[in-house]
Amino acid sequence: MWTDITPLNSQSFERLGYPTQKPVALLERIICASSNPGDVVLDPFCGCGTTISAAQKLGRQWMGIDITHLSVGLIKARLKRDFDLLPKQDYQEHGTPRDLGAAQYFAEQDPFQFQFWIVGEIGAQAFGGMGDSRKGKKGGDTGIDGQLFFRTPDGVKIERAIVSVKAGRNLNPAMVRDLRGTVEREKAAIGVLLLAHEPTRGMVQEAASAGVYSWGGRVYPKLQLLTVAQLLAGQQPELPRGIVNVSLEQKPAKALTGRAARDRGAAPLFGS
């Protein structure tokens with residue numbers, strides 16, 4: 001029995017908010033006791049990826065499996081943050097869309113998992129994706145499918161982008177107006193509408209009329225439409241250069257200057 005490793009609690013530095021997360025020290029000890037460097041570690045229910053992270057740190061090969069795309073996105077984020085590893089370049093990722101046809105089929109067959117997947121592809125936190133709801137959020141969500149929190153380049157302020165997802169083919173300008181209303185209600189900096197299919201001309205015009213977000217002498221569209229085809233081609237939302245994405249910090253992200261000049265949460269999972 002090991003008594004020197006305490007469970008994670010609400011104040012734990014490494015806590016990500018995933019309900020079944022284990023301390024990385026526990027997984028490191030298990031892996032050290034049961035394998036040698038270069039061996040393969042398999043976790044068929046890898047959740048937020050603690051086993052994968054520990055195996056990578058200890059020089060093991062690894063394989064991870066999970067049913068939800070929320071988990072997959074979180075594991076990819078941890079690998080990028082902790083080891084600067086990227087899919088396709090440093091490891092293989094299976095079971096996620098690789099082309100437009102697969103992505104649109106995914107949207108039709110399972111719109112809730114599609115929502116988790118596409119929100120994660122821009123580094124945002126899926127709304128309703130924490131706690132025990134890991135298989136897709138149904139029901140009213142006040143117009144929010146995801147949130148992207150970013151620290152401004154000067155470190156002074158944390159801004160928020162509201163993310164909405166439309167997996168269907170029937171698109172219209174009212175969807176953009178709804179997002180605009182949500183962004184204004186939530187006092188967010190930017191709204192991002194992620195689409196499985198191409199927007200109508202009216203949607204593009206509606207987004208253009210919403211104004212801009214200004215930072216450092218440059219302007220960025222207040223409402224941004226981004227299709228899955230654009231995402232697969234490598235395009236991301238337009239945000240100021242030098243921002244740090246702190247969307248998956250469990251504790252409130254603090255600015256780097258001013259009265260509270262330090263972070264009090266886990267290290268950001270995404271940065272630029």
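How many helices and strands does the secondary structure of the chain come to? In this predicted model, the count is eight helices and 10 strands. Of the 272 residues in the chain, 44% count as buried. If you take the contacts with a separation of 6 or more, 60% of them come from residues 24 or more positions apart.

Let's start with β6, residues 190-195. This strand is mostly covered, with six of its six residues buried. In a regular strand, side chains alternate between the two faces of the sheet. Here I190, V192 and L194 point one way while G191, L193 and L195 point the other, and all are buried.

β6 has β5 (residues 158-166) as a parallel partner, joined to it by six bridges.

**Strand β4 and its partners**

Next up is β4, residues 146-151. Five of its six residues are buried, so β4 is largely enclosed by the rest of the structure. β4 pairs in the antiparallel sense with β3 (residues 125-126), with β5 and with β10 (residues 244-245). On the β10 side, R151 has V244 as its bridge partner.

β4 and β5 form a hairpin with six residues between the strands, and in that hairpin G155 takes a positive phi near 75 degrees.

Here are the strand pairings side by side:

| Strands | Sense | Bridges |
|---|---|---|
| β3 and β4 | antiparallel | two bridges |
| β4 and β5 | antiparallel | six bridges |
| β4 and β10 | antiparallel | two bridges |
| β5 and β6 | parallel | six bridges |

**A helix pair**

Two packed helices are described by the angle between their axes and the distance between the axes. For α4 (residues 100-109) and α5 (residues 111-121), the angle is about 130 degrees and the axes are 6 Å apart. That angle makes α4 oblique to α5. On the α4 side, the contact is made by A103, F106, A107, E108 and Q109, and α5 brings P111, Q113, F114 and W117. What kinds of residues make up the contact of α4 with α5? They divide into six nonpolar, two polar and one charged.

Notes. Residues numbered from 1 in each chain as written. Predicted model: local features only at pLDDT ≥ 70, side-chain atom pairs only at ≥ 80, totals over all residues. Heavy atoms only, no water. Buried < 20%, exposed > 50% of the residue type's maximum accessible area, 1.4 Å probe, protein only. Helix = DSSP H or I, 4+ residues; strand = E, 2+ residues; numbered from the N terminus. Pairing = 2+ DSSP bridges. Axes fitted to C-alpha atoms, helices over the stretch in contact; angles between N-to-C directions. Parallel < 35°, antiparallel > 145°, perpendicular 65-115°, else oblique. Contact = heavy atoms within 4.5 Å. Nonpolar A, V, L, I, M, F, W, Y, C, P; charged D, E, K, R; others polar.
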